[in-house]
Amino acid sequence: MDPTIARILQKAADNNEYQQLANYLISRRSMPDFNLGYMPGFYAKFISPGLFTSGKVPERGIISINQGAESWNPESMAPTMVHEMSHAAERQMIKQYYEIKKKLNKTELENQFLNNFQKIIGSNEPEISNWLKKVSPEFYEENKGYRAKSGEALAFGLENSAFESPPSNRPAPQHIDPTIATTLMLLLDQAQRVQNQNIAPQGR
């Protein structure tokens with residue numbers, strides 16, 4: 001592994017939220033790859049496989065880190081790593097939701113996860129965005145193009161709640177980010193427990 005990436009991940013691992021995200025992704029055998037790249041305007045970005053990635057992105061995805069990080073304090077990148085790992089974990093929870101939904105005989109824990117997933121992420125509608133629209137319509141209208149989208153709201157909510165001064169500097173009105181972060185981590189914990197009951201722990 002590139003030494004810059006190794007230093008960044010070592011610092012990120014000091015954060016409890018990062019550890020929980022990483023543990024979940026490892027249990028799903030979906031810990032993203034990491035690389036350094038030309039990323040103008042971004043500290044880092046989670047890239048998932050898709051139509052325009054030409055098979056170059058593995059199924060577990062890649063977190064591409066701005067090559068400028070070679071000269072940055074690795075500790076300053078920890079919030080960004082939590083943010084991007086949130087995207088990777090959300091993608092896996094969506095996949096997990098549909099895996100469980102196909103099962104004929106579901107456990108009580110699996111049904112609880114399905115119900116809570118629908119309330120927090122939603123299979124058809126962006127539930128977090130709908131919630132933001134209700135509780136803070138002005139914030140939603142000002143940020144609906146990016147910050148208030150469900151996936152970004154989850155990632156920024158966790159990043160801003162896990163660290164006092166994250167580099168993104170995109171705070172939401174009081175109580176919104178902590179509420180989102182708490183909700184996301186509760187769903188992640190449930191997803192982890194479902195994963196543990198179905199599959200023996202596996203390495204990356």
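**Entry 1: a bridge in the sheet.** I looked up Asn 35 and found that its bridge partner in strand 3 is Ser 64. I note that the model is a predicted one. I then followed the pairing of strand 3, residues 62-66, with strand 1: the sense is parallel, and five bridges join the two.

Entry 2: I traced an open sheet of three strands, ordered 1-3-2, with mixed pairing. Strand 1 (33-37) and strand 2 (44-47) each have a single partner strand and stand at the edges, so one side of each lacks a neighbour in the sheet. I recorded an average twist of 25° from one strand to the next. Next I turned to helix 1, residues 3-12, which lies across strand 1 and strand 3 and runs at about 120° to strand 1.

**Entry 3: the core.** I listed the largest nonpolar core, which has 52 residues. Among the residues with the most contacts inside this core are Phe 34, Ile 65 and Met 81. I checked what Phe 34 touches beyond four places in sequence: Ile 5, Leu 9, Tyr 18, Ile 63, Ile 65, Met 81 and Met 85.

**Entry 4: Tyr 24.** I located Tyr 24 in helix 2, residues 16-27. Is Tyr 24 buried or exposed? Its relative accessibility is 0%, and the cut-off for burial is under 20%, so Tyr 24 counts as buried. I listed the contacts of Tyr 24 beyond four places in sequence, including Ala 89, Gln 92, Met 93, Leu 188 and Gln 192. For Ala 89, I noted a separation from Tyr 24 of 65 residues in sequence and a C-alpha to C-alpha distance of 7.4 Å.

Definitions and conventions: Residues are numbered from 1 along each chain as its sequence is written. This is a predicted model: local features need pLDDT of at least 70, side-chain atom pairs count only at pLDDT 80 or more; totals for chains, interfaces and linings use all residues. Side-chain values use heavy atoms; hydrogens and water are left out. Two strands pair if DSSP finds at least two bridges between them. Helices (H or I, at least four residues) and strands (E, at least two) are DSSP runs, numbered from the N terminus. Axes are lines fitted to C-alpha atoms, for helices over the stretch in contact, and angles run from 0 to 180 degrees between N-to-C directions. Contact means heavy atoms within 4.5 Å. A nonpolar core is a set of buried Ala, Val, Leu, Ile, Met, Phe, Trp, Tyr and Cys residues joined through side-chain atoms within 4.5 Å. Buried means under 20% relative accessible area, exposed over 50%, partly exposed in between (1.4 Å probe, protein chains only).
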